[in-house]
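Me: I have a structure open and have not looked at it before. Can you walk me through it?
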Amino acid sequence: MKNYNKLIIFGLLTIFCVSEAYALGMPDVYEGINRINPLNKDSQTRKELRKLDKKRLNAVAYNFYLHNKCYKTLKVTVEYIPRGSSKWKTSYYTFAPSEKARLFSSRNKYVYVSAYSKPSKKKKWKRKMINMGSTYKKYTYSLTCK
């Protein structure tokens with residue numbers, strides 16, 4: 001509660017200072033205050049806090065990566081529950097040969113993956129349930145043509 005009161009006081013002081021600087025025709029001071037104002041959506045402080053929050057949330061989630069170890073381009077379908085949701089989501093991706101990418105983070109350890117080669121659908125991977133384990137971590141799933 002104390003931090004909340006401090007934030008309100010800081011916000012009110014910032015608004016007062018910004019309005020005074022703007023009224024006095026001091027755009028440099030106005031811009032400087034606006035850049036550190038946590039109530040301003042585009043402030044540098046707020047951007048840094050969003051980055052830290054993203055890192056913190058990813059530390060308590062499974063980070064799912066997919067690696068195409070095939071010599072062909074692949075069309076991949078992934079079904080998962082996104083972090084912060086309770087509903088399944090289906091996403092579609094195209095992976096070039098040897099491409100590796102982080103697809104999503106989730107707090108659910110189960111993911112379903114299916115794929116086929118492009119342009120011809122000669123090589124197919126049937127829908128497969130992947131269990132990412134019991135601890136949050138970076139999980140990489142590889143698709144090979146062998």
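Reply: One term before we start: a residue is called buried when its relative accessible area is under 20%. By that rule phenylalanine 64 is buried, and phenylalanine 104 is buried too. Keep in mind that this is a predicted model.

Me: OK. Which elements does the protein have, and how many helices and strands are there?
Reply: The protein has three helices and seven strands. Starting at the N terminus, the order is α-α-α-β-β-β-β-β-β-β.

Me: And what part of the protein is buried?
Reply: Of the 146 residues, 30% are buried. The accessible surface is about 10300 Å², and carbon and sulfur atoms account for 56% of that.

Me: Back to the two phenylalanines. How are the rings of phenylalanine 64 and phenylalanine 104 arranged?
Reply: They are stacked, because their planes are at 15° and their centres are 5.2 Å apart. This is one of five aromatic pairs in the structure.

Me: Where do phenylalanine 64 and phenylalanine 104 sit in the chain?
Reply: Phenylalanine 64 is in strand 1, residues 62-68, and phenylalanine 104 is in strand 4, residues 100-106.

Me: What does tyrosine 80 do with phenylalanine 104?
Reply: Tyrosine 80 forms a stacked aromatic pair with phenylalanine 104, with 3.7 Å from centre to centre and 5° between the planes. Tyrosine 80 belongs to strand 2 (residues 73-80) and phenylalanine 104 to strand 4, so this pair ties together parts 24 residues apart in sequence. Tyrosine 80 is buried, as is phenylalanine 104.

Me: Which residues make up the cluster of ring pairs?
Reply: Phe64, Tyr80, Phe104 and Tyr139 are linked into a cluster by ring pairs.

Me: What else does phenylalanine 64 touch?
Reply: Leaving out residues up to four places away in sequence, the contacts of phenylalanine 64 include Val111, Val113, Ile130, Met132 and Tyr141.

Me: Now the core. How many residues are in the largest nonpolar core?
Reply: It has 20 residues, and those with the most contacts inside it are Phe64, Leu66, Val76 and Val113. Strands 1, 2, 4, 5 (110-118), 6 (124-131) and 7 (138-143) each give two or more residues to this core. Strand 2 supplies the largest share, four residues.

Me: Why would residues like that gather at all?
Reply: As a general matter, nonpolar side chains in soluble globular proteins tend to be buried together.

Me: Take valine 76. Is it buried or exposed?
Reply: Valine 76 counts as buried because its relative accessibility is 1%, and its place is in strand 2. Setting aside neighbours within four places in sequence, valine 76 is in contact with Leu66, Tyr92, Phe95, Val113 and Leu143, among others. Its C-alpha is 9.1 Å from that of tryptophan 125, which is 49 residues apart in sequence.

Me: What about tyrosine 62, buried or exposed?
Reply: Tyrosine 62 has 4% relative accessibility, so it counts as buried. It sits in strand 1, and its side chain reaches the backbone oxygen of glycine 133 at 2.7 Å.

Me: Different topic. Which residues lie over the face of a ring?
Reply: Lysine 100 lies over the face of tyrosine 65, 5.9 Å from the ring centre. Arginine 127 lies over the face of tyrosine 112, 4.0 Å from the ring centre.

Me: One last residue. What is phi of serine 98?
Reply: Phi of serine 98 is near 65°, a positive value in a residue other than glycine. Most residues other than glycine have a negative phi. Serine 98 is in the loop between strand 3 (89-95) and strand 4.

Me: Is serine 98 buried or exposed?
Reply: Serine 98 is at 57% relative accessibility, so it counts as exposed.

Methods
Residues are numbered from 1 along each chain as its sequence is written. This is a predicted model: local features need pLDDT of at least 70, side-chain atom pairs count only at pLDDT 80 or more; totals for chains, interfaces and linings use all residues. Side-chain values use heavy atoms; hydrogens and water are left out. Rings of Phe, Tyr and Trp (its six-membered ring) pair if their centres lie within 6.5 Å; planes under 30 degrees apart count as stacked, over 60 as edge-to-face and the rest as tilted. Buried means under 20% relative accessible area, exposed over 50%, partly exposed in between (1.4 Å probe, protein chains only). A charge sits over a ring if NZ of Lys or CZ of Arg is within 6 Å of the ring centre and within 35 degrees of the ring normal. A nonpolar core is a set of buried Ala, Val, Leu, Ile, Met, Phe, Trp, Tyr and Cys residues joined through side-chain atoms within 4.5 Å. Contact means heavy atoms within 4.5 Å. Accessible areas come from the Shrake-Rupley method with a 1.4 Å probe; for residues, only the protein chains shown count as cover. A polar contact is a pair of N or O atoms within 3.5 Å; within protein, one must be able to donate a hydrogen and the other to accept it, and residues adjacent in sequence count only if both atoms are side-chain atoms.
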